[in-house]
Amino acid sequence: VQKCYLSGPVKESDMEVVMSDTVELALPAGSTAVIVQNLCISIDPWNLTLMAKKDASGLTSAPLTVLTGYGVAKVVVSGHNDFKVGDLVWGITGWEEYSLISDPNSLFKINHTDLPLSYYTGILGMPGLTAYAGFYEICAPKKGEFVFVSAASGAVGQLVGQFAKLTGCYVVGSAGSDEKVTLLKEKFGFDDAFNYKKEQDLNATLKRCFPEGIDIYFENVGGAMLDAVLLNMRNYGRIATCGMVSQYNLEKPEGVHNLINILWKRLRMEGFVVLDHYSKYRKFEEMVVQHLKSGKITYVEDIAEGLESAPTALVGLFKGKNVGKQLVVIARE
Ligand code: NDP
């Protein structure tokens with residue numbers, strides 16, 4: 001899948017599926033690269049930021065290059081001592097059947113092949129580590145605290161909610177459909193949840209859900225939700241700014257009006273980027289694998305088949321079409 005120019009909200013026609021008759025599965029002598037066969041690709045809001053944009057000064061990056069993103073893959077040719085043919089890995093790859101990875105040190109080897117490989121695009125991959133670092137480090141949660149998670153049924157949110165329950169917090173999630181609300185309460189064990197698209201007044205909704213206020217807000221959406229949350233935070237509350245998906249497709253981000261509450265309520269609002277937390281990956285992985293195997297944590301995926309479904313899957317993220325972690329299966333092991 002190649003990227004064309006992005007102008008306005010992302011749409012399928014911003015991407016192009018290109019067929020190639022041949023693929024060269026060979027490395028030049030002395031190369032330390034690997035060639036991988038991509039098995040699954042992860043569809044993330046972040047992919048949008050990698051697409052070329054038109055702006056007032058012209059084009060910001062070259063079009064018609066293969067889209068990149070996270071994926072699960074199998075090594076098919078190796079010039080690197082640490083990787084052998086057949087190794088399963090996850091990391092940054094291309095939205096294509098085979099990719100050349102010039103720096104294999106950027107890849108993580110997959111150790112737990114008894115779990116679904118697709119989990120390494122989500123709960124055991126980048127979104128999972130995001131939930132872990134954001135919740136445990138940035139939010140610094142304590143038992144009994146009141147936690148609110150937006151985009152709660154998605155790749156990151158569903159795990160944050162379950163971490164909050166494991167910590168002994170009271171947790172409420174917001175999502176964009178009744179089906180997702182049911183999932184939050186019945187599958188992931190959220191104490192309460194609401195469909196934000198059906199609520200007229202988000203401030204009143206949050207007051208209803210949190211009569212005593214919110215200690216921790218795990219921010220995934222930004223915009224009007226953030227404004228309403230700021231009115232409902234408790235003194236010394238923490239906001240982990242993980243993402244602002246409601247803003248990514250806007251030409252001009254919306255204003256936030258209630259920032260003064262950060263001062264009055266002595267709040268800490270902190271952004272974080274998962275790339276800075278990769279050193280914790282193996283510790284995180286062992287914890288989550290244990291919880292998955294003992295049934296304390298569960299995960300829901302939304303799986304599309306075939307590379308040609310990737311553009312629709314990406315566009316769907318910004319319309320809330322995905323129910324759980326969105327990924328695309330390209331090939332099976
Ligand atoms: P999700 O699986 O949650 O998919 C995106 C969801 O966002 C959609 O399903 C939809 O859910 C919701 N959404 C889409 N458009 C809007 C909108 N206009 N207003 C409100 N909600 C909207 O994605 P992820 O779990 O992968 O990502 C969640 C957040 O985490 C994103 O903001 C992402 O950018 C961020 N992130 C940050 C990282 C970091 O390093 N800081 C790393 C990874 C992700 P619904 O139906 O509920 O509206």
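Helices α1 and α2 are oblique to each other, a term applied to angles that are not under 35 degrees (roughly parallel), over 145 (roughly antiparallel) or 65 to 115 (roughly perpendicular). The model is predicted: local features need pLDDT of at least 70 and side-chain atom pairs pLDDT 80 or more, whereas totals for chains, interfaces and linings use all residues. Residues are numbered from 1 along each chain as its sequence is written.

Helix α1 spans residues 126-138 and helix α2 residues 157-167; they pack at about 45°, with axes 9 Å apart. Helices are DSSP runs of H or I of at least four residues, and strands are E runs of at least two. Axes are lines fitted to C-alpha atoms over the stretch in contact, with angles from 0 to 180 degrees between N-to-C directions. The contact involves G128, A131, G134 and F135 of α1 together with L159, V160, F163 and A164 of α2, residues being in contact if their C-beta atoms, placed from the backbone, lie within 7 Å.

The domain assignment, automatic or from a database, gives domain 1 (2-122 + 300-329) and domain 2 (126-275). Their centres, taken over C-alpha atoms, are separated by 28 Å. To the contact, domain 1 contributes 14 residues and domain 2 contributes 17.

Both domains give residues to the shell around the ligand, so the ligand lies between them. Of the 31 residues around the ligand, G154, G176, G243, S246 and G320 come nearest; a residue counts as near if its C-beta atom, placed from the backbone, lies within 6 Å. Helix α1 and strand β17 (325-329) each supply at least two residues of this shell.

Methods. Contact = placed C-beta atoms within 7 Å.
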